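Biologist: I'm new to this one, so please walk me through the overall picture and then take a close look at one spot inside it.

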Amino acid sequence: MDKIKTGLTALMTGASLMMASNANCADGVTVDHLGVNNTLVRVDSGRKFLLMPVQESNDDATVNILVDGKLDRTLHVRLAKTKVDYCVPLDMEQYAGHDVVLNIVTSQSRSSVRDAKEDACWSRFALADTFDTSNREKYRPAFHHTPLYGWMNDPNGMVYKDGIWHLYYQWNPYGSKWQNLSWGHSSSKDLVTWEHHPVAIEPNGLGYVFSGSSVLDPDNTAGFGKDAIISLYTSAAASQIQSLAHSKDNGMTFEIYPGNPVITLESEARDPNMFWNAATGEWNLLLAHALDHEMLIFRSPDLKNWTLNSAFGKGLGAQDGVWECPDLFELTVEGSGEKKWMLICNINPGGPFGGSAAQYFIGDFDGKTFTPDKDADGNVPTKWMDFGKDHYATVSWSDAPDNRRTVIGWMSNWQYAAEVPTMQFRSANTLPREMGLFKASDGQIYVSTVPSPEVDMLRDRLVSRQSKLSVGKNPRKISLPADNDGICEILLDIDSRKGAPVSVMLSNDEGDYVDMVYNPSESTLTFDRRKSGVTDFSQDFPAVTVAPTFSYDDSTLKLRIFVDRSSIEVFEADGKFAMTNLVFPTAPYNRISFSADGGKADIRNLKIFSIKDVND
């Protein structure tokens, strides 16, 4: 992973930390215990990083960073009590030449200061000039974006500028669970290989930096300069308010607008998503009125002053969870030239298979009001962008080239995101995807989802090819690539000649398997991960998900399947459905098998490609 290092060179375990000769603390670090819950850590800021020891099962400690006696910032870190799981870096270069003291308040009670001194963290603080981010996780994806370390959830603020795709995301740099939310930043020239950058926007006195959006301002409507990148995000503390920032260096650093907040409400609202509306000559913005289960629609001439136009969604769609992370854009319906607007509404909980998911609405937008389409019965139908458990917070890049509508999602579920069996990092993003619209046989318009064309670059070798396999009750087995942990792309056509359900199974020698079953009579594809490997970290993880195939031909289904070390993404070849599910096999899946219990079927045009490990 040398190509994606940014000077943070290794995530160090407790065993590899620099240790001082005395048992109390490392060189350059002095620890003073003031009471059973209060400790001062004095730091010589002559080194690049202070490595802070973390124990994930512990409660958060409040770390107040004092610089020359003044409070600079407050972090929440699960400082180690009985063991060190890993360490996280505090950047000390910014404090060079200043006195730095960490005033730490721990939550665990101790009967005496003597007992408090025994906590593992106090002797394991260390100063270093490097921080190792080389991978030590068996489940780190080979070709999906992940943070180098720490917690990640929603992608946000994505913008394309000068040939670069900028991906910002909710990030905790000080542990692999939700806390200290900032905007992490990665960029790519090809949507598949990512360069990691320092944090883009950090919390301030208005609160944590929650989700938001970014746009280019070619006409300098905001007054920050032509083609400045303008970002709006939610500042979250006691309340949720909307803040503005801008970048003049192509998204690498941001200046916080001194007039923040630019939008305030009397109730919880978050995740502003803005875009230029050429038809009306002004900016529009959607804001999730989370607890009211609706989206608020604003307009503005300058990205600073916003007027509320309308609200959409109360009583419509899935209403069982908070509404979050909106997006709104216009697409052309395939084969017709008709244009419709698609409004994305992420919801947690309330997804079709439990937990978080992304729903959407198709309709019309006049710059002020979104009017949803209705079905034949006069109702507004509930529609889902993805039929797996692990696809959330999906939003699009602004200013993408060639009028593309390219999206990416968070590949996890709030039911168990903090418990998945990784520790150096938590969570990955889906593959980038292209959005379109198609009209199904029921007369309704649905979203189509296909991998972005850049994904084809991931292919390495064609390791297996079969023009036709006749299958029945006895499974036909084919080996998956043995190298690179079996990661691969699989293309196949299923032709169920007698209408019998057809099974496509991925398995390994340890007895783990994923069973995908195409049922022509019901026009569904099911995905069973209950025996997929490690599943016991959450009762909500073992699951069966079901996708409608939207098929005009009741016997044939064309699939494109991506297998990474901890995920499987299934696409209908023309994009009529997508299904994203995490898996944690105890050993890599090394075979694919096909069977048709109760009938005959053909597997046609089978191709299996090995995939490059772009995260190595």
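Modeller: Let's start with how the chain meets itself: of the contacts between residues at least 6 apart in sequence, 64% link residues at least 24 apart, a contact being heavy atoms within 4.5 Å. Bear in mind that this is a predicted model, where local features need pLDDT of at least 70 and side-chain atom pairs count only at pLDDT 80 or more, while totals for chains, interfaces and linings use all residues. Residues are numbered from 1 along each chain as its sequence is written, and side-chain values use heavy atoms, with hydrogens and water left out.

The protein has one helix and 42 strands; these are DSSP runs numbered from the N terminus, H or I of at least four residues for helices and E of at least two for strands. Its radius of gyration is 25 Å, close to the 25 Å that the globule rule gives for 616 residues, so the protein is as compact as a globular protein of that length. (That radius is taken over C-alpha atoms, and the rule is 2.2 Å times the number of residues to the power 0.38.) Along the principal axes, the C-alpha atoms fill a box of roughly 75 × 60 × 45 Å.

How much is tucked away? Of the 616 residues, 60% count as buried, meaning under 20% relative accessible area, with exposed over 50% and partly exposed in between (1.4 Å probe, protein chains only). The protein exposes about 23,100 Å², and carbon and sulfur atoms supply 45% of that; the areas come from the Shrake-Rupley method with a 1.4 Å probe, and for residues only the protein chains shown count as cover.

Now for the close look, at Ser-427. It sits in the loop between strand S28 (425–426) and strand S29 (433–439). Ser-427 counts as buried because its relative accessibility is 9%. What does Ser-427 touch, once residues up to four places away in sequence are set aside? The list is Thr-146, Pro-147, Met-152, Trp-410 and Ser-412.

The side chains of Ser-427 and Trp-410 are joined by a polar contact of 3.0 Å. A polar atom of the Ser-427 side chain also lies 3.3 Å from the backbone oxygen of Met-152. (A polar contact is a pair of N or O atoms within 3.5 Å; within protein, one must be able to donate a hydrogen and the other to accept it, and residues adjacent in sequence count only if both atoms are side-chain atoms.)

Ser-107 counts as partly exposed because its relative accessibility is 43%. Apart from neighbours within four places in sequence, Ser-107 is in contact with Asn-37, Asp-59 and Asp-60.

Val-570 is buried because its relative accessible area is 0%. Beyond four places in sequence, its contacts include Met-516, Leu-525, Phe-527 and Phe-577. Between Val-570 and Glu-489 there are 81 residues of separation in sequence and 9.9 Å in space, C-alpha to C-alpha.
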